[in-house]
Every structure is written in structure tokens, then in C-alpha cells.
Number of protein chains: 2
Amino acid sequence: MQKKHLNNLIELLSIPSVSAQAEHKEDMVKTCLWLKKKFDQLGFAAQIYPTKCHPVFFAQNLSAGTTKPTVLIYGHYDVQAPDPLDEWVSEPFKPDVRKGNLYARGVADDKGQFYAWIAAIEEILEEQKGLPINIKFLIEGEEEIGSPTLDPFIKKYKKMLKADVCIISDSHALSESQPLVTYGLRGLVYTEVTLQTLARDAHSGSYGGNVINPANCLAEIIGQLKDKNHKILIPGFYDDVRHLSKAERKELAKFPFRTKQVKDEVGAFVVTGEKGFSVAERNGARPTLDVNGIWGGYAGEGPKTIIPAKAGAKISMRIVPGQTDTEIFAKFSKYVKKITPKGVKLTIKNLSSGNPILVDMTSSYQKAAAQALKKIFGKNPMYELAGGSIPVTCTFKEILGIDSVMMGYGLPDDGLHSPNEKMSLTMLEKGIATSKEFLKNL
Amino acid sequence: MQKKHLNNLIELLSIPSVSAQAEHKEDMVKTCLWLKKKFDQLGFAAQIYPTKCHPVFFAQNLSAGTTKPTVLIYGHYDVQAPDPLDEWVSEPFKPDVRKGNLYARGVADDKGQFYAWIAAIEEILEEQKGLPINIKFLIEGEEEIGSPTLDPFIKKYKKMLKADVCIISDSHALSESQPLVTYGLRGLVYTEVTLQTLARDAHSGSYGGNVINPANCLAEIIGQLKDKNHKILIPGFYDDVRHLSKAERKELAKFPFRTKQVKDEVGAFVVTGEKGFSVAERNGARPTLDVNGIWGGYAGEGPKTIIPAKAGAKISMRIVPGQTDTEIFAKFSKYVKKITPKGVKLTIKNLSSGNPILVDMTSSYQKAAAQALKKIFGKNPMYELAGGSIPVTCTFKEILGIDSVMMGYGLPDDGLHSPNEKMSLTMLEKGIATSKEFLKNL
């Protein structure tokens with residue numbers, strides 16, 4: 001790896017672009033200015049777009065011409081807050097190289113990963129005249145705070161962002177020798193359900209037996225959402241779930257997402273789930289329903305003999321390809337309304353939702369990604385159906401009509417959002433080489 | 001009513017004996033000293049017993065001799081905190097007479113009510129030489145804070161407190177013309193159930209589908225505690241429930257505890273409960289199960305996509321004569337353990353419990369109470385099975401082996417624990433007269 005890439009990245013990492021903290025508002029602009037200078041040097045037309053929150057950085061080089069494909073490379077320049085500070089071995093915004101790793105807040109999530117693409121372009125431009133394809137960069141500053149202004153931005157600048165495919169490196173490989181491509185992401189339907197049965201909390205001795213307890217009622221409703229085999233009981237819930245092919249199940253069975261890993265990572269006492277499916281399938285290919293929070297009545301020390309007036313829960317569903325957020329929210333609402341007894345004031349809110357993503361694996365871009373990864377890592381990539389969501393992939397699909405190629409240059413132990421976040425210098429080097437290979441061979 | 005009774009009571013009410021507030025610690029002692037002076041004047045042997053919390057006041061006059069019965073009159077000299085202060089028309093500790101009512105914190109709960117017994121004794125002693133029966137007074141200062149030191153006190157001074165019956169006036173009549181006697185109280189089993197399935201909160205995308213969600217699991221457990229007809233599903237739960245006789249059901253049917261009242265008092269949208277029982281029966285004669293509080297995961301604004309590591313609930317049961325707290329706690333625990341899936345760390349705590357009370361209605365003391373009430377109010381008392389608990393009645397039953405005669409001199413609208421607490425002067429006068437009648441005719 002060329003020394004200048006490391007030095008440049010260290011400069012970028014030294015700006016504390018923490019999106020969640022108002023005190024860093026100027027650092028967000030400073031990061032964009034740093035990016036603009038960099039892209040100006042590379043001959044890109046770069047611009048900083050102010051938003052109601054943090055600015056969006058955009059740059060493009062369309063000199064390859066209209067006969068060539070256009071890729072949109074997505075990244076985010078904002079980082080998580082670094083605390084707890086006293087757990088960092090070196091300071092979060094004074095990048096430090098130790099034992100083959102570069103330590104700094106945001107190095108893996110996501111500055112180092114998108115910088116690999118910038119470095120790849122720099123190398124291509126040193127080696128040849130002009131770029132082989134058209135390249136656009138969209139680097140946002142709000143990913144860590146839920147991207148409040150990104151969707152409106154993409155809608156507004158739909159034309160400017162037009163591309164044939166999006167590239168996202170904001171995930172991880174399985175190891176320095178085993179690359180990983182994410183080809184599917186679950187969607188999300190996140191609801192808040194509240195029940196009220198009384199105008200005010202009531203004494204459980206004086207009124208117990210004659211009024212509906214909203215906390216009992218809420219529990220009874222939640223108890224009817226899944227059966228003992230973890231099957232979701234909402235009518236029609238599984239109707240549109242995509243079935244895995246035998247080949248796909250065989251491929252997923254190779255995936256090293258195992259019981260032991262889940263136990264180690266979150267300290268689960270048991271690993272269990274829907275019958276008839278493997279751990280990897282349950283994680284990425286099957287929809288789930290979880291209570292994310294529940295409340296009602298007295299939660300302090302000791303006894304308090306009340307019947308609460310209200311109770312509520314946040315209940316979310318991870319949905320999979322075939323399902324849509326609007327349909328699932330409608331089915332969920334209809335069922336919850338149906339099983340709520342009379343005399344209960346029920347409110348169901350949709351707090352957040354997004355559709356699942358399934359990438360067309362037959363596209364030339366996916367093939368080019370596989371070839372590039374194989375050439376640099378020496379192994380075919382493994383393919384992952386991820387359990388979480390990357391909402392921007394939905395926006396790209398829905399607004400721009402394009403798929404995303406998701407190949408990660410991080411590693412599972414990079415410590416995202418934690419103290420001592422790092423990126424392996426080997427992965428950075430392989431990332432640059434893979435990006436270069438991919439862009440040159442599209 | 002003699003003017004001196006009102007003046008004396010006003011003196012007593014002027015001492016702000018708020019048991020919950022440390023700043024009033026001295027006022028508790030001051031109240032005891034006031035009581036001691038009063039009982040000294042009446043020729044009682046009075047003593048103040050310091051405890052780890054607030055002192056217990058005890059006085060006795062056994063001059064009637066061992067051939068006469070002994071009654072133990074219970075009261076509490078502590079009061080609730082008066083806030084919100086700005087809602088009081090007159091100051092809480094400057095008693096004020098308006099429109100036939102005496103307004104002051106603690107006047108109905110319980111200073112005015114037990115003072116009726118003191119005034120009655122004073123009048124008897126003015127009218128005749130010596131008391132017709134032996135009388136003991138136990139006036140505690142911790143009722144409003146759960147009487148933490150009273151049970152040990154009663155155990156320690158069991159001999160001194162020996163009596164044939166206990167008298168409690170700490171409740172209310174139905175109106176100034178309709179007296180009420182409480183002949184049963186529900187008991188309580190108050191538990192805290194906590195579930196843990198993970199060492200730490202987990203991301204619902206990465207782990208949803210493969211781990212047990214303790215909040216879902218808790219809801220599923222609670223959902224199995226009662227059926228749709230409000231019947232409790234704990235095996236053996238109803239085994240020992242006392243069945244009401246036809247006569248008793250007929251008597252309870254007269255009781256004006258109606259749907260409208262429940263709706264008005266707590267703003268219940270519907271009044272409903274166990275099938276086959278009336279509102280009054282469900283309130284006092286049937287056991288219940290309520291979630292008093294539930295918690296787990298994220299309860300803040302917006303979405304947070306976690307699977308909580310832990311969840312918990314306070315679950316309490318009101319139990320009725322025939323049932324015992326120890327058996328019901330055991331049955332509850334056994335059932336909850338049985339329906340909790342593997343892989344869940346379950347904890348069940350008994351936070352508070354007490355047995356139900358059913359008074360022997362054939363005793364001479366109950367008959368004397370009915371006669372005294374009828375003579376003064378002009379109507380036979382109605383008989384109530386109350387939904388709540390008065391734990392001290394259990395202690396008297398269990399330690400001293402005696403029943404309690406519970407006749408209230410308050411009214412339903414006295415505003416206990418609220419601003420502008422009051423006691424009707426008519427009720428005070430009738431209370432004194434009833435007490436006098438009762439004591440003279442035992």
C-alpha cells in the first residue's frame with residue numbers, strides 16, 4: 001500500500017466528525033471541505049450541499065462518457081461518539097498504527113472503507129489517462145443518527161445521482177482471507193402500541209376484579225403474536241415470504257454463523273428460533289417479531305398496589321424479501337385491533353419502516369465484484385443474507401431504481417461504536433486493490 | 001356534641017404528624033406526648049414506646065376487672081403529606097370548620113375517627129364511676145408508610161395487648177344515615193417476576209430470530225395467567241376459595257357498589273370481570289390477579305432496535321377467605337416456573353403478602369356493634385366484603401388470636417390522602433355516640 005493513502009486517511013480520521021454532538025457541527029463542514037479538496041485534486045466536480053442537519057458531500061467524474069456505466073459510491077463521513085474515552089489505548093482522533101491495525105474512531109465505520117475507493121481511483125488515475133467508467137460519490141454525514149435528511153436529498157437530486165449501480169463498503173469480510181458479499185437485507189416495521197383502560201391509575205384492592213388492566217391486556221396481546229415454536233400468528237404474515245431454493249440453503253449452510261457465535265456475542269443462554277430453519281436462515285431469510293421495549297405502571301422498588309391506567313410496548317418486525325413494510329404494518333394493525341378486547345383505547349403507531357432488499361445476483365456488477373474479490377483475496381466471496389437493514393439501499397432501489405453491491409472491507413472484530421475501533425491495514429490494502437480491480441473491469 | 005371534643009381534636013390535628021417526612025420526626029413524638037397527657041387525664045396508664053421508626057402509643061384502663069371483657073382500640077396518629085398545598089382552601093394543619101365539616105389533614109384518616117373513641121370514654125367517665133369494660137388503646141405512627149415496626153411490636157408486647165376483640169374505625173359509612181361494617185378483607189400476594197435471556201441487550205437485526213426475547217417471553221407468561229373470561233389459570237388457584245351463601249349473595253346484592261361508581265371514580269371505559277359474579281362480589285369475594293408494573297428494553301421516544309437482555313413485572317393477587325398467602329405464592333411460583341421456557345433465567349420474589357380476613361359475624365361484639373349503629377343512625381348497618389387489605393387485622397388475628405370490629409366514621413367523599421381532607425361533624429358526633437353506646441353495652 002502506498003504510504004500517502006495511510007497519511008491521507010489519518011488526516012481524514014483526525015477530524016472528529018461526530019454527527020450526534022452539536023459541538024462537532026463545524027467538524028462536519030471541515031470534513032466536507034477536506035473531501036472537496038481531495039476530490040478537486042482528482043479532477044472530480046465536487047460540491048457540499050447544506051441540509052437542515054449535516055451537509056451531504058457529492059462529487060462526480062463523468063469523463064468516461066455516456067457509453068460507459070456509471071457507479072454511485074456511497075459512504076458516510078460521520079462517526080459515532082468516542083466515549084467511554086478512558087477505554088481507548090490511543091486517542092480516538094489521533095490515529096495510531098499498532099500491530100498491523102490503524103486505530104481511530106470511524107476508521108472502519110466508515111472512513112477507511114470509503115477511502116479505499118478514493119485511493120483506488122487515485123491509483124487508477126496515476127496509471128492511466130482518465131477513468132474507465134463514470135463515478136459519482138455520495139458521502140453523507142448523518143448515518144449514525146438515522147440519516148434524517150438523506151431521503152429528501154436523494155429525491156431532490158434524483159437526476160444528479162442517476163447511476164447504474166451503487167457500491168457500499170460499510171460492512172465486513174469474514175476474515176482477511178474470506179471476502180463476503182451481502183445480497184439481501186431484512187426490512188423493518190417498527191411499531192408502538194399503547195393501551196388505555198382507565199382515566200387514572202386505580203387501587204388494585206378497590207378496583208381489582210372489575211376493570212381491565214391494560215398491562216395484563218397488553219401482555220395477552222403480545223402472547224398471541226407468536227406461538228411456542230416462534231411462529232408469528234398474524235394472519236397472512238408469511239404469505240409473501242420468499243422461499244429459499246435448495247441451492248441457496250446449501251450455500252447458507254456453509255456460512256459460519258453458528259450457535260456458539262451468538263452465545264459469545266450477546267451472552268445468550270440458549271440459541272433457538274423458528275423450527276425447520278438454521279441459525280443463518282433465521283438471521284437473514286426469515287421474518288421475526290420482537291418486543292423492543294415494554295412499560296406500564298410501577299417499576300420502582302418494592303410493591304405499589306395499583307392497576308395502571310396505561311401500558312405500551314414497542315414491537316418491531318424484521319421482514320424479508322417478498323414482504324413489504326406497508327402490508328405487514330396493515331396486517332399487524334388489523335390483527336392487534338381484532339384481538340384487543342372492548343373497553344380498551346388502542347393506539348398503534350408506525351415509528352419506522354423500510355422494505356427488505358434482495359439484490360439481483362446475476363448482474364454484471366455482482367459478477368465483477370466476485371471476480372475482483374476472488375482475484376485479491378484468493379477465494380470466492382461468501383454470500384450473506386443479513387439480519388439488519390441498510391435503509392439507504394432501499395432508497396436507492398426505490399428512488400433511483402438501482403441495486404447495491406455491498407462488499408465490506410472491515411472485519412468482525414473492528415469494534416464499531418466501541419472504544420479502540422480499528423481497521424486492519426491488510427484489509428485496507430486489499431480493499432484498495434479490490435476497488436481498483438472492480439472499477440477497471442466493469 | 002360537646003364543644004371540648006372539637007377543640008381537643010383541633011389541637012391534635014394541629015400537629016403535623018407526617019410519618020413519611022423526616023422533618024416531622026419531632027412532631028410524631030409531640031403527638032404521642034399530647035395523647036399521653038389526654039389519657040393521663042382519663043386515668044389510663046399511658047406509655048410511649050420508641051421504635052426504630054416512629055413511636056407507638058399505648059394506654060390501658062383495666063379497672064373494670066378480670067370478669068369484664070377487654071377491647072383493644074386501634075388507630076394511627078400519623079397522616080399523609082399534605083401536598084399539593086396550593087389546592088387546600090384552609091391550611092392542612094390549621095383545622096377549619098366550614099359547612100358542617102372539619103377540614104384538616106388526617107381528620108378522617110385517622111385522628112377524628114379514633115378520637116371519637118377517646119371522647120366516648122371521656123363522656124362515659126363523666127357520667128359514671130369507672131369504665132364498664134377494660135380498654136386498651138394502640139395508636140401507631142407508621143400506618144401511612146406500611147407500619148414497618150408494628151408487627152414486631154405486637155409480637156413483643158403480645159401479653160400487654162391481650163384482648164377479647166379489636167375495634168378499628170379507619171374506614172367509612174355509606175352516608176350520614178347508612179352505617180357500614182366491614183366483615184371481610186382480601187389478602188395480598190405481591191410478586192416480582194424477572195426474566196433474563198442475554199448477558200446484554202442485542203441488536204434486533206443481527207440476533208432477532210435466534211435468541212429468546214425476555215419481554216416477549218414475559219408477556220407470553222402473563223398471557224397464560226388468566227383466560228378471556230378473567231378466570232385465573234394457575235392450577236389449584238380457586239381450590240380453597242370460600243363460596244358465598246345464597247343469603248350472603250342476596251345481602252351483597254343490596255350493596256350500592258355499582259358499575260357507574262367504578263366508572264366515575266377511576267374513569268374506567270368499561271366495568272367487567274369474572275363471569276357469574278356481581279361487581280360487589282368481584283370486589284370483595286373473588287380473588288384477582290393484576291400486573292402492577294411491567295418493564296423491559298427501550299421506553300424512550302422513537303425506535304430503538306434492541307432485544308432487551310431482561311424484562312420484569314410486578315404481579316399481585318388479591319386473595320379471599322379460604323386462600324392463604326403462602327399457598328397462593330407457592331402455586332403461582334410453581335406455575336410460572338412450569339410455563340417459562342428453557343434458556344430463561346427466572347426470578348420470582350414475594351415482595352409483600354398477607355392473608356385475607358373474615359370476621360365471625362356471630363360474635364357478641366359484632367352484635368353489639370350492629371345494635372349501637374342501629375340505635376344512633378336509625379338503620380341497620382350494611383355489611384361489606386372489602387377489596388383491599390388492612391394488614392394489622394391479620395396481625396391481630398394471627399398473633400393475638402382476635403377478630404376486629406371494623407366500623408367506619410368517615411364518609412366516601414372525605415378526600416383521604418387528597419387536599420381538603422374533611423370529616424363531617426355529624427359523623428364525628430354520631431361516631432362518639434356509637435362508640436359510647438357500644439362500650440356501655442358490651
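Predicted model: local features only at pLDDT ≥ 70, side-chain atom pairs only at ≥ 80, totals over all residues.

Guide: A disulfide is a pair of cysteine sulfur atoms within 2.5 Å.

Visitor: What makes A:C53 a cysteine in no disulfide?

Guide: The nearest cysteine sulfur to A:C53 is that of A:C32, 12 Å away. A disulfide needs the two sulfur atoms within 2.5 Å, so A:C53 is in none.

Visitor: Why is A:C53 called buried?

Guide: Buried means under 20% relative accessible area. A:C53 has 18%, so the residue counts as buried.

Visitor: How do you know that B:C394 is in no disulfide?

Guide: The same cut-off of 2.5 Å applies. For B:C394 the nearest cysteine sulfur belongs to B:C166 and is 12 Å away, so B:C394 is in no disulfide.

Visitor: Is B:C394 buried or exposed?

Guide: Its relative accessibility is 10%. Buried is under 20%, therefore B:C394 is buried.

Visitor: Why are β4 and β18 of chain B called edge strands?

Guide: In chain B, three strands form an open sheet in the order β4-β5-β18, with antiparallel pairing. Strands β4 (96-98) and β18 (422-424) each pair on one side only. From one strand to the next, the twist averages 25°.

Visitor: What makes β5 and β18 of chain B a pair?

Guide: Two strands pair if there are at least two bridges between them. Three bridges join β5 (residues 101-103) to β18(B), so the two strands pair. In β18(B), B:K422 is the bridge partner of B:Y103.

Visitor: Which helix lies across β5 and β18 of chain B?

Guide: Helix α3 (residues 107-127) of chain B does, running at about 45° to β18(B).

Note on methods:
Residues numbered from 1 in each chain as written. Chains lettered and ligands numbered in written order. Heavy atoms only, no water. Buried < 20%, exposed > 50% of the residue type's maximum accessible area, 1.4 Å probe, protein only. Helix = DSSP H or I, 4+ residues; strand = E, 2+ residues; numbered from the N terminus. Axes fitted to C-alpha atoms, helices over the stretch in contact; angles between N-to-C directions. Contact = heavy atoms within 4.5 Å.
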